[in-house]
Amino acid sequence: MSVHFEERSGVIPCKTPWGNWSQTMEEVFIEVNVPHGTSSKEVKCNLASKQIELHVKGQQVFKGKLFGSTVADEGMWTLEDKCLIRIMLMKTNREAGNCWSSLLEGEYCADAWVQDQMQKKLTLERFQRENPGFDFSGADISGNFAGGGPDFSSLQK
């Protein structure tokens, strides 16, 4: 479900010195630009449920505690065209209110505007899941969307 929503609505990336990261309700995506010609043997990527570490050609790109927890054995990385590393992490808390404000605790933080856009997108993704017959990919919202948006669970259908 998320993939189709993402394809239609676009991604809200958080720029970093090495590339960018983005998120859906379920996943966190990291894109790292590396020198052209990099081989997979020159990449050391350790993914744990609360930690991440990436070294390329012996140089540390990043290392630290993730903002939220992930399912360690579902994380993966790929090297594309010998110049781009893509890392995918599966969040353990897959609710719209679980919008990461940074990739690592205290590092690679989204600025206020990007954080606002990420939270709006996760809220719209939640609405899409709750209402599969509607298309929220081009929608915009305002108001109470922080924390995943309003709670409609008490309303009768």
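Mentor: Let's go with the side chain of Gln23, which makes a polar contact with the side chain of Lys91 at 2.8 Å. A polar contact here is a pair of N or O atoms within 3.5 Å; within protein, one must be able to donate a hydrogen and the other to accept it, and residues adjacent in sequence count only if both atoms are side-chain atoms. The Gln23 side chain also reaches the backbone oxygen of Trp100, at 2.9 Å. Gln23 sits in strand β2, residues 19-23. Helices (H or I, at least four residues) and strands (E, at least two) are DSSP runs, numbered from the N terminus. With a relative accessible area of 6%, Gln23 is buried. Buried means under 20% relative accessible area, exposed means over 50%, and partly exposed is in between (1.4 Å probe, protein chains only).

Before going further, some ground rules. This is a predicted model, where local features need pLDDT of at least 70, side-chain atom pairs count only at pLDDT 80 or more, and totals for chains, interfaces and linings use all residues. Residues are numbered from 1 along each chain as its sequence is written, and side-chain values use heavy atoms, with hydrogens and water left out.

Leaving aside residues up to four places away in sequence, Gln115 touches Cys99, Trp100, Ser101 and Ala110; contact means heavy atoms within 4.5 Å. Gln115 is buried too, at 18% relative accessible area.

That brings us to α2 itself. The helix covers residues 112-130, 19 residues in all, and spans 27 Å from its first C-alpha to its last, close to the 27 Å expected at 1.5 Å a residue. The expected span is 1.5 Å times one less than the number of residues. Of its 19 residues, 14 are buried, so α2 is largely enclosed by the rest of the structure. At its start, a side-chain oxygen of Asp111 comes within 3.1 Å of the backbone nitrogen of Trp113.

Now for the charged pairs. The whole structure has eight salt bridges, each a side-chain nitrogen of Lys or Arg within 4 Å of a carboxyl oxygen of Asp or Glu. In one of them, Lys120 pairs with Asp140, with the closest N and O atoms 3.9 Å apart. Since Lys120 lies in helix α2 and Asp140 in the segment after α2, the pair ties together parts that are 20 residues apart in sequence. Lys120 is buried at 15%, whereas Asp140 is exposed at 64%.

Another of these joins the side chains of Arg126 and Glu130, at 2.8 Å from N to O. These two are four residues apart in α2, so about one helical turn separates them. Arg126 is buried at 13%, while Glu130 is partly exposed at 43%. Arg86 is partly exposed at 33%, and Glu80 is partly exposed at 29%.

What about disulfides? A search of the whole structure finds zero, a disulfide being a pair of cysteine sulfur atoms within 2.5 Å. As for individual cysteines, Cys45 is buried at 14% and Cys83 is partly exposed at 28%.

Stepping back, the protein chain has two helices and 10 strands. Reading from the N terminus, the order is α-β-β-β-β-β-β-β-β-β-β-α. Of the 157 residues, 42% are buried. Among contacts between residues at least 6 apart in sequence, 57% join residues at least 24 apart. For one separation along the chain, take Gly10, in the loop between α1 (2-9) and β1 (14-16): its C-alpha is 9.3 Å from that of Gly138, 128 residues away along the chain.
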